[in-house]
Amino acid sequence: MDNKQLVFAREYRGLTQSELAKNIVGLSQSNLSKFEKGLDILSDDVQNRIVKFLGFPKDFYKRKTNISFDNNNYRKKAGISKKDISRFEKQCQIIGYIVDEMSDSVEWVDYKVKSLNVDDGFSTDYIADYTRRTMGIAEDEPIKDIISALENVGIIVYEIEALEGFDGISFFTKKGYPIIIINKNMSNDRKRFTLAHELGHLVMHNENEFPISEDRNKEREANRFASQFLMPEKHIKNSLYGMRIGDLAILKKYWLTSKASIIVRAEYLNCIDKQKAIYFRTELSRNGERKMEKESVSIDAPKSIKTAYSLFKEELGYRDKDFEEYFALPKDIIDDVFKIDKLKVIKIS
């Protein structure tokens with residue numbers, strides 16, 4: 001049994017060392033702590049009891065599922081407990097692990113986005129515009145099917161059921177596949193901005209491609225990238241001068257971004273002053289729109305992982321039990337990842 005895999009399984013189940021030890025005959029918190037640090041061994045009997053209690057197959061403890069995350073590189077609110085952060089990260093690591101495992105049988109779309117470094121003299125606006133061009137997005141139009149645009153250039157997008165406060169995360173798997181995971185429970189305009197924000201991280205903060213200065217504010221850079229990517233200055237600026245409160249809904253409908261982000265954009269581009277921005281935000285609050293705006297926007301659905309699942313089912317003849325053995329994961333995780341009870345099988349052309 002690999003000690004790191006045990007830590008993963010325990011934390012995925014939301015258990016502390018003490019909570020797990022209390023449920024396993026012959027295991028103390030002290031012994032478990034030493035084993036997880038690689039300083040002790042556990043008897044076969046104790047290991048078997050742990051395997052049965054946690055519900056992960058024995059083969060899982062021979063795999064490698066850990067992917068390291070830079071906690072500053074994903075959107076989450078302050079005040080979230082360490083336990084909830086750990087649970088969220090473990091769910092995301094499972095997605096990355098599954099993508100890598102599937103790559104032995106599935107050819108994922110090649111990653112076609114070029115990494116550019118702000119430290120090399122490129123502005124965030126230039127990088128956003130360049131990225132739009134390389135993705136084949138018209139420079140003067142809103143991005144309607146943003147998920148398809150990302151998946152068409154090799155970025156795997158996945159929606160996860162997460163607690164409020166987690167927006168999204170982006171990372172490269174151990175085999176180098178780029179993934180963006182977003183909270184399914186957010187509004188569509190927030191999803192769209194989060195996708196663009198995480199794309200900014202993939203493009204500008206890929207430390208496998210170049211070193212990143214420690215004094216850079218990566219979150220601010222990703223936000224500026226997202227704003228330019230979704231609302232290019234050259235094509236939105238004129239419509240922001242003299243903006244009135246009633247214009248926000250019209251602009252939102254066209255650019256498919258939130259009213260709040262439009263206000264930020266207008267202030268950043270010096271189309272409105274600080275006092276006008278405060279007035280707009282006050283009006284949104286008065287209308288009950290600070291957390292959830294009245295008008296909704298459209299967003300398309302991720303397809304890459306569902307299509308891969310369909311290929312395994314239809315082309316390779318996999319049954320539900322086969323997936324458990326292939327990934328060495330318990331049924332509840334397989335069902336959750338692939339949404340088996342809700343999945344609409346996508347026909348592969």
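In the predicted model, Phe225 and Phe229 both belong to helix H9, which spans residues 218-230, and because they are four residues apart they are separated by about one helical turn. The rings of Phe225 and Phe229 form an aromatic pair of the stacked kind, with 5.6 Å from centre to centre and 10° between the planes; this angle falls in the stacked class because planes under 30 degrees apart are assigned to it. Phe225 is buried, its relative accessible area being 0%, and Phe229, at a relative accessibility of 1%, likewise counts as buried.

Across the whole structure, a search finds 23 aromatic pairs. One of these is formed by Phe8 and Phe60, whose rings are tilted, with a centre-to-centre distance of 6.0 Å and an angle of 50° between the planes. Phe8 is part of helix H1 (residues 3-12), whereas Phe60 lies in the loop between helix H4 (44-54) and strand S1 (74-76), so the pair ties together parts that are 52 residues apart in sequence. Both Phe8 and Phe60 are buried.

A contact between a charge and a ring involves Arg87 and Tyr12, where the charged end of Arg87 sits over the ring of Tyr12 at 4.4 Å from the ring centre.

Key: Residues are numbered from 1 along each chain as its sequence is written. This is a predicted model: local features need pLDDT of at least 70, side-chain atom pairs count only at pLDDT 80 or more; totals for chains, interfaces and linings use all residues. Side-chain values use heavy atoms; hydrogens and water are left out. Rings of Phe, Tyr and Trp (its six-membered ring) pair if their centres lie within 6.5 Å; planes under 30 degrees apart count as stacked, over 60 as edge-to-face and the rest as tilted. Helices (H or I, at least four residues) and strands (E, at least two) are DSSP runs, numbered from the N terminus. Buried means under 20% relative accessible area, exposed over 50%, partly exposed in between (1.4 Å probe, protein chains only). A charge sits over a ring if NZ of Lys or CZ of Arg is within 6 Å of the ring centre and within 35 degrees of the ring normal.
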